[in-house]
Amino acid sequence: MSGNLAGLYDQDTAPDAPDFELIPVGDYDGDIVKAELKDTRAGCMISLQIKLDNGRSVFDNLNIQCSSSQQAEDIAKAAVKKIGQTNNKIIRDTSDLELCRVRVRVGIQPARGEYSERNVVKFYQDPSKASTPARPAPAPAAGRIPAPAGRRPAPAARTTPPPAASSGNKPWVRNRQPEPEGPNADLGGDEIPY
């Protein structure tokens, strides 16, 4: 259906669309607000819209039937099973997925061809279990340059004094320090006067 937009829309006064920033990579809790079964060239997929607790939305397409990739089909079926298990539901219809609580790992798919980079759902987790925050790489010690990737770093400089010289195989004999010299030399020895 076509229609005249006179009085409804004016190119000169319409606001500019805001630029959307990508959601940073990480784990996010949210709810599935829309689940639809759609046909694809290789079978069919479940198209999900997930409203995250931070107010943003992410989208996921689960290739529930895919003649061109058994792996894609297995991943989709495992994701649906995980969603059902963590929500104590048996999923028999796309409507069973709606309002399910999820924790998703959000990633960024690089730009390809005419498509710019975008957020993607990497996998689903149990929202009732605490997520493990990513641990940052340890900072190099002061004055040290990190080793290039794939090489072992040089051992750290020794911060403890080297062990005392051995006194043979007699562990009960202590190594003696040199005797101090000067007027108070007789006050610091190991010997106890009788």
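Trainee: Which residue in S4 is the bridge partner of Tyr28?
Mentor: This is a predicted model, in which local features need pLDDT of at least 70, side-chain atom pairs count only at pLDDT 80 or more, and totals for chains, interfaces and linings use all residues. Residues are numbered from 1 along each chain as its sequence is written, and side-chain values use heavy atoms, with hydrogens and water left out. Strand S1 (residues 26-40) runs antiparallel to strand S4 (residues 101-109) over 6 bridges; two strands pair if DSSP finds at least two bridges between them. In S4, Tyr28 has as its bridge partner Val104.

Trainee: In what order do the elements of the chain run from the N terminus on?
Mentor: Helices (H or I, at least four residues) and strands (E, at least two) are DSSP runs, numbered from the N terminus. The chain has 1 helix and 5 strands. Read from the N terminus, the elements run β-β-β-α-β-β.

Trainee: Which strands stand at the edges of the sheet?
Mentor: The 5 strands form an open sheet with antiparallel pairing, in the order S3-S2-S1-S4-S5. Each edge strand has a single partner strand, so one side of it is left without a neighbour in the sheet; these strands are S3 (57-66) and S5 (118-125).

Trainee: Which residue takes a positive phi in the hairpin of S2 and S3?
Mentor: Along this pairing, Ile50 has Val58 in S3 as its bridge partner. The hairpin has 4 residues between the strands, and the positive phi, near 95 degrees, belongs to Gly55.

Trainee: Is Ser47 buried or exposed?
Mentor: Ser47 has its place in strand S2, where 8 of the 10 residues are buried. Buried means under 20% relative accessible area and exposed over 50%, with partly exposed in between (1.4 Å probe, protein chains only). Because its relative accessibility is 14%, Ser47 counts as buried.

Trainee: With which side chain does the side chain of Ser47 make a polar contact?
Mentor: A polar contact is a pair of N or O atoms within 3.5 Å; within protein, one must be able to donate a hydrogen and the other to accept it, and residues adjacent in sequence count only if both atoms are side-chain atoms. Leaving aside residues up to four places away in sequence, Ser47 touches several residues, including Lys34, Ala35 and Asp60. At 3.3 Å, the side chain in polar contact with that of Ser47 belongs to Asn61.

Trainee: What separates the C-alpha atoms of Val106 and Asp27?
Mentor: Val106 lies in strand S4 and counts as buried because its relative accessibility is 0%. Not counting residues up to four places away in sequence, Val106 touches residues among them Ile23, Tyr28, Val58 and Val120. Val106 and Asp27 are 79 residues apart along the chain, and their C-alpha atoms are separated by 6.2 Å.

Trainee: Which residue in S5 does Ile108 stand opposite?
Mentor: S4 and S5 run antiparallel, with 7 bridges joining them. In S5, the residue opposite Ile108 is Asn119.

Trainee: Stepping back, what percentage of the residues of the chain count as buried?
Mentor: Among contacts between residues at least 6 apart in sequence, 42% join residues at least 24 apart. Of the 194 residues of the chain, the buried share is 21%.

Technical notes
Contact means heavy atoms within 4.5 Å.
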